[in-house]
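Please keep the structure in view while reading.

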Amino acid sequence: PEGLPMSVALSLSLAMRKMTRANCLVRRLIACETIGSATTVCTDKTGTLTKNQMEVEASPSGNPVHSGNLPQIPSEWITLNAAVNGTAHLEERENRIIVIGNSTEGALLRWLREHHLDYQQIRGKTHTTKQYLFDGNRKRMSTVVHMDGRVWLLVKGAPEILASRCVQQPDLSGVSSLATRAMRTLAFAHKEITNNDETESGLIWDGYVGIRDPLRDDIAESVACCQHAGIRVRMVTGDNPETAYAIARDAGILQGGIVMTGYEFRSLPKEDQVTAAKGLDVMARAEPMDKLLLVEALQKTGAVVAVTGDGTNDAPALKHANVGLAMGIAGTEVAREASDIILLDDSFASITSAVWWGRSLYENIQRFVLFQLTINFCACILVFLAPLLGYPEPFTIIQILWINIIMDTLAAFALCSEAPYRGLMTHRPVPHDANIITPFMRVSIVVTGTFLILGGILQIATGFLGGSTAAEINTVFFASFIIAAVWNGINCRALDGKMPPFFRGNPTFFVVMIMVVIVQILIIQYGGAFFGTVPLSLEQWLKIIIVSASVLIIGFMLRVSHRYLNAGKTLVRG
C-alpha cells in the first residue's frame, strides 16, 4: 500500500516517544522495531544487572589500618594501596556519598571512610611518581610511591593474576569462597623497586577483599520476563567464573548453559566459537573484544543480538550488534555514539520495556496493513466488477481521494497508536525474515473483503439499504462503504484472534474513527456538489450504521475460528 511508508514512519516516531518515557532514548528509529525481534541479549553485569553501589563486605586480612609510617603488616599495605593506588574520589551531595570515577575504587575509599581513615590525607602525605592505570587486558593497576627514602610499587587487581606474579604462591581458597557468594575479589601486592625495575613481578602478596554489588530489585523478574518471551539472556563480565556463576544464578540467567572465560572463548577456532556461543550463558573474565566475538558468533547462528555496553572499548560490539544499548549514566560518549538506544537509567529492566514497545510497534504496522489491504481489495474489485456487470462506476474520483485520505493518514494514526498489552511478552520473537502478513491476516482480508464486495454489489444492484434514485443508491453505497470500513477498523485491532483491551488500549482510535464518521456525514449532507452525493434521512443513516456493523460479526467469527483451530493443533501436538 502506498500509505505504508508513512504508517511505518508514524509508528516508529510514536514508539520512540513512548520508549523515551520508559527510559530508552532511541537514537536510530529502526531500532524501535529491531529490538522487538531480538532473540538474545548480551548484557554487562555492573550497573546493568546490579545497582553499581559496590561495598567491601569481606576482608580476611583485617580492617584497614594506617600508622603514618612505612607499613609493616599486610593490613597496612592494603590500606595504603587502597588509598593511593587509584584515581577515584568521593563527594558528598545532598547528604549522600557519591563516587567520582571507578566504582570498585570507590568501594575501597568508602571502606576506609567507614573505619575513620581519610584517603585524601593519606594521598597527600604519600609521594607518588607514576601510575599504570587499570587495563582490561592486564586486569591490574600499579602506582610507584616514595617512602622512607625507598621506592615501592603498589599493585592491585585480579587475585589469580597477582598471585602468578608473586614470589610465594598464596592460598586462593578463600577467594573462591567469596566468589561463590557473588562477591568480586580484589587482591593487593607490593614490592620494593631496585635497579629501576618497575615490572609487576616478584611481588609480595598482601591479601584481598570481597566486594559485593547487589542485584537490582527487579532483575530476576525482568530476566524471567525476557526468557518467557523467547529471549535468551547472556551475561558478559570481567569477574572470575565463580563470582559470575553466583550472580548469574541469583539473576536467573543460568538456564543449563555453560560458563566460559573470555580467554577460553577467544582461543577457539571460529567454527567452534559459533557452537560454543549457542550454549553459553555466562562469559567471565571477558575482555572488551570478547564481546564483539560473541556477537559475531551469535549472529552466524541466525540470532538477532542486542548488546549492552558502557566503555569506549565496547563501541565495536555495540556497532556490530543488531541493536546496541549504551548506558546513559555510566556510559562514555563513544559508547553512546556507537549505540542505537541509550538506557537512561542503566537498568536491564528498561531493555524489557524496549522489547515490549518494539513488539507492539510491529503489530501496529500489521494492523495498518490489514486495514488498508482489506479496503483496497474491496475498492479495486468493486471498481473493476461493477462496470462489467453493467452498473455505473461505484466511486467518483473525489470519493476515491477521500477514501485514500482515510486509509493513508487517519487510519495510520488511529491504528499505530495501539498500546502494548501483557500478552506480547509471552510470544516468541518474530523472525527478522518473517512475512508481515500472517495466515490469519490473509484469511481476514479475503473473507471480510468478499463480504463487503457482495454487500456493495447488492446495494448498487438493488438498493436494499435504501435509495429510490440512482444518485441516492450510490450515495447510500458510498456512506455504507466508509462506515463499514470504520467498523472493520475495530476488527483490525485484533491480530491472530486476540483483541486488545477494548477502550483502555487505544482511546485515540475511537476519537479518530468518530471524527471520520462525523466528517462522512457532513460530506454526504452538505458536500453533494463536490462529492456527487445527495443528503440522506436520519432513518437511512441509522440503517446504514446498524447494517454495516455486521462486519463486526464476521470479524468475531474469524477470531473464534482461529482460536478453535489453534486449540485443536495444540491438542494434536500434545
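A crossing of two helices is called left-handed if the near helix is turned anticlockwise from the far one by less than a right angle, and right-handed if it is turned clockwise. With that in mind, and remembering that the model is a predicted one, we can turn to helix α15, which spans residues 348-388.

**Two partners of helix α15**

Helix α8, made of residues 219-228, passes α15 in a left-handed crossing. The angle between α8 and α15 is about 30 degrees, and since angles under 35 degrees count as roughly parallel, the two helices are therefore roughly parallel to each other. On the α8 side the contact is made by Ile219, Ser222, Val223, Cys225 and Cys226, which meet Phe348, Ala349 and Thr352 in α15. Sorted by class, the residues of this contact are 6 nonpolar and 2 polar, with no charged residue among them.

Helix α1, residues 4-21, also packs on α15, but here the crossing is right-handed. Because angles over 145 degrees count as roughly antiparallel, the angle of about 155 degrees between α1 and α15 makes this pair roughly antiparallel. From α1, the residues Leu4, Ser7, Val8, Ser11, Leu12, Ala15, Lys18 and Met19 take part, and they meet Ala354, Trp357, Leu361, Ile365, Phe368, Val369 and Gln372 in α15. This contact has 11 nonpolar, 3 polar and 1 charged residues.

| Helix pair | Angle | Axes apart |
|---|---|---|
| α8 and α15 | about 30 degrees | 9 Å |
| α1 and α15 | about 155 degrees | 10 Å |

**Cavities**

Residues of its lining include Leu370, Phe440, Ser444, Asn488, Cys492, Leu558 and Arg559, and at least two lining residues come from each of α17 (439-462), α18 (470-492) and α22 (550-573). Here the lining divides into 5 nonpolar, 5 polar and 1 charged residues.

Key: Residues numbered from 1 in each chain as written. Predicted model: local features only at pLDDT ≥ 70, side-chain atom pairs only at ≥ 80, totals over all residues. Heavy atoms only, no water. Axes fitted to C-alpha atoms, helices over the stretch in contact; angles between N-to-C directions. Helix = DSSP H or I, 4+ residues; strand = E, 2+ residues; numbered from the N terminus. Parallel < 35°, antiparallel > 145°, perpendicular 65-115°, else oblique. Contact = heavy atoms within 4.5 Å. Nonpolar A, V, L, I, M, F, W, Y, C, P; charged D, E, K, R; others polar. 1 Å grid on protein atoms, 1.4 Å probe; cavity = no way out; pocket = protein on both sides within 12 Å on 5 of 7 lines; lining within 4 Å.
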